[in-house]
Amino acid sequence: MKQPIYIYHTNDVHSHFENWPKIVAFLQQKRKEHAQKGETMLLFDIGDFIDRFHPITEATRGKANVQLLNELEYDAVTFGNNEGITLDHQELDTLYEAARFPVLAANVFEKSGDRPPWLKPYTIISVSDTLRIGVIGVTVHFTKFYELLGWTVASPFELLPSLVKEVREQADVVVLLSHLGITDDETIAQTIPGIDIILGGHTHHVLPEGKWVNHTLLCGAGKYGQYIGVVELNEAPKATLIETEALPLCEQTKRTLQVLERKSLRQLEQERVAELSADLPLQWFAPSPFAELLASALREWCGGDVGMVNAGVLLEPLAKGVVTKKDLHRICPHPINPCKVYLKGDELKEVILQAHTEKMKHLSVRGFGFRGKVMGEMVYDGVTLQTEKLADGTTHIRHIFIGGREIDPNETYAVATIDMFTFGRFYPEIQRAPNKIYYMPEFLRDVLAWKLSQRQ
């Protein structure tokens, strides 16, 4: 190469806009510097740029996030599970309608097998008359969830060998935007030849100088905009990370975000859900009316024998008076869906016993859609626990009753709960249960809104 090419990348920002004004200031300055030197600068995002925990994203269903990407002139993006499966079909189908960059996800299709017109498997960027860069995008294949939302998602391992070959014939350098996670990225580098660079995301891995696997350079820039990734393409690719904490910020972007947040909060506040005649108190480490209402709502929504949810998914109590979508978003911001799991009585008993431990109640949870602090007390509907106080002050469960009858170890129970328990290793009996039904696109706060409106 006569001159180096500079590739900048972001991933898993998750609507954590606290670092975004710094990212904007840094990248705008770098764009000026590279332009003055006649150097090529490319900019990519690797997905999960949106997260509906933030009111801006919730109110605009991610369209404000796309505008932020437009303003920084991204050259291409792929999307992650937060774009793909926390929006309904229509919302994802229109998310990028104002995008001024190509959206790449080679393994996502309509149910008909066609790609939607806004989505491409790859793009070819002509840097000069003699140098072209091929950029492919792939996203994590959460098959069941995409199907429930009206999409088809294929395994990237099935598509990439032929696709890389196709792009390699048109390009001198092949870059993969991969929202698959570090383990899959390593497997791709080991098994699929022809990819020069993998810019990764999803598992929030931090690779300060990249990682070479075979002849492929793997890169990852953590999460929440804490780092900006840089790859210098010269004789050989060289990866570095820029930590954003100490960077100066763009005041204009800061003001833009403040205006967007105020507007979004006003919009959510105008959407009235219900009016409560009394307070709904909440405790994280003991049964309380608000958590019990959510357990009841889940049981009814999913048609379960039992409703079961941890109190920590509710961040605050609800006060008497008008309840709006702003309130529900504040107290239940998680992109978590209802789920029904079929468990044998002995399996359900093991889950209840494990949930009853102080260790589980005080467990600090990260990921799996959870945007709170601690697990909290497990609260039930349709379950009665007979306990006794021990000498050390703890309580011991003596009997478990389901629907008024002692739990039968051989009977199968339909347990209405939250999808978070099926992903993480919180409760192995739930995670490995073969029969699960997910309810989408509704989140827990949608179930709450439905239940509260019924109480009027």
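Arginine 168 comes out as partly exposed in this predicted model, with a relative accessibility of 29%. Its salt-bridge partner is aspartate 196, and the two side chains meet at 2.9 Å, N to O. Arginine 168 belongs to helix α7 (residues 156–168) while aspartate 196 sits in the loop between α8 (182–191) and β11 (197–200), so this pair ties together parts 28 residues apart in sequence. Aspartate 196, for its part, is also in the partly exposed class, at 21% relative accessibility.

Glutamate 186 and lysine 211 join their side chains in a salt bridge, with an N to O distance of 2.5 Å. Here glutamate 186 is the residue in helix α8 and lysine 211 lies in strand β12 (residues 211–213), which makes this a link between distant parts of the chain, 25 residues apart. Lysine 211 has a relative accessible area of 36% and is therefore partly exposed.

A further bridge spans a stretch of 151 residues. Lysine 451 and glutamate 300 meet through their side chains at 2.8 Å, N to O. Since lysine 451 is part of helix α16 (residues 444–454) and glutamate 300 is part of helix α10 (residues 289–302), the pair ties together parts that are 151 residues apart in sequence. Over the whole structure, the search turns up 21 salt bridges.

Now for a helix and its packing. Helix α9 runs over residues 251–269, 19 residues in total, and its first and last C-alpha atoms are 27 Å apart, close to the 27 Å expected at 1.5 Å a residue. Which residues of α9 are buried? Thr253, Leu257, Ser264 and Leu268 are. These residues lie on the same side of α9, because the arc they cover around the axis is only 40°. The cover over the buried residues of α9 comes from several elements, including the helices α1 (20–37), α2 (55–60), α3 (63–71) and α11 (325–331), along with strand β18 (321–324).

Note on methods:
Residues numbered from 1 in each chain as written. Predicted model: local features only at pLDDT ≥ 70, side-chain atom pairs only at ≥ 80, totals over all residues. Heavy atoms only, no water. Helix = DSSP H or I, 4+ residues; strand = E, 2+ residues; numbered from the N terminus. Expected span 1.5 Å × (residues − 1). Buried < 20%, exposed > 50% of the residue type's maximum accessible area, 1.4 Å probe, protein only. Arc of directions from axis to C-beta. Contact = heavy atoms within 4.5 Å. Salt bridge = Lys/Arg side-chain N within 4 Å of Asp/Glu carboxyl O.
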